[in-house]
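Work through these exercises with the model open beside you. Try each task before reading its solution.

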Amino acid sequence: MGENWKDRFREPPEEFSVIPFWFWNGTLEPGELKRQMGMMKEQGICGAFMHARAYITTPYLEKEWWEAISACVEEGERIGFYPWLYDEYAWPSGTAGSTFEYGFQHP
């Protein structure tokens, strides 16, 4: 290993980037999401968990939600950023942000 391991700690390869929770709230706008991804990338963050949080107004798991996810995946491929899909919203796990009522999805 020699001295090279110290250099790797000072400037680690992108695959060792931190991957923070990227809290999503309000209305998800693809242009804004792409801007935020660019800002993270500029700071050496090469991925993030897209995580729905309180006060999100974009309907969870609906068309607009998936359009935001798609925009992030496409932009991530373009700039070398890894957006992770975090499958949780409004704990406890499995409630899908209360989109399921009594075990059945709302129409």
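**Exercise 1: the core**

Task: Which residues of the largest nonpolar core touch the most other members?

Solution: The largest nonpolar core has 18 residues, of which Trp22, Trp24, Leu28, Leu33, Ile56, Trp65 and Cys72 touch the most other members. At least two residues of this core come from each of β1 (21-26), α2 (30-42), β2 and α3. A nonpolar core here is a set of buried Ala, Val, Leu, Ile, Met, Phe, Trp, Tyr and Cys residues joined through side-chain atoms within 4.5 Å. Buried means under 20% relative accessible area, exposed over 50%, partly exposed in between (1.4 Å probe, protein chains only). Helices (H or I, at least four residues) and strands (E, at least two) are DSSP runs, numbered from the N terminus.

The model is predicted: local features need pLDDT of at least 70, side-chain atom pairs count only at pLDDT 80 or more, and totals for chains, interfaces and linings use all residues. Residues are numbered from 1 along each chain as its sequence is written, and side-chain values use heavy atoms, with hydrogens and water left out.

Next, take one member. Leu33 is in contact (heavy atoms within 4.5 Å) with Trp22, Trp24, Leu28, Ala68 and Cys72, leaving aside neighbours within four places in sequence.

**Exercise 2: the sides of α2**

Task: Which residues of α2 are buried, and which exposed residues does the face turned away from its buried side carry?

Solution: Start with the buried set: Leu33, Met37 and Met40. They lie on the same side of α2 because they cover an arc of only 60° around the axis, taken from the directions from the helix axis to the C-beta atoms. An α-helix has 3.6 residues a turn, so residues three or four places apart point the same way. Now look at the face turned away from the buried side: the exposed residues Gly31 and Glu42 are there. Finally, find the cover. β1, β2 and α3 are among what covers the buried residues of α2.
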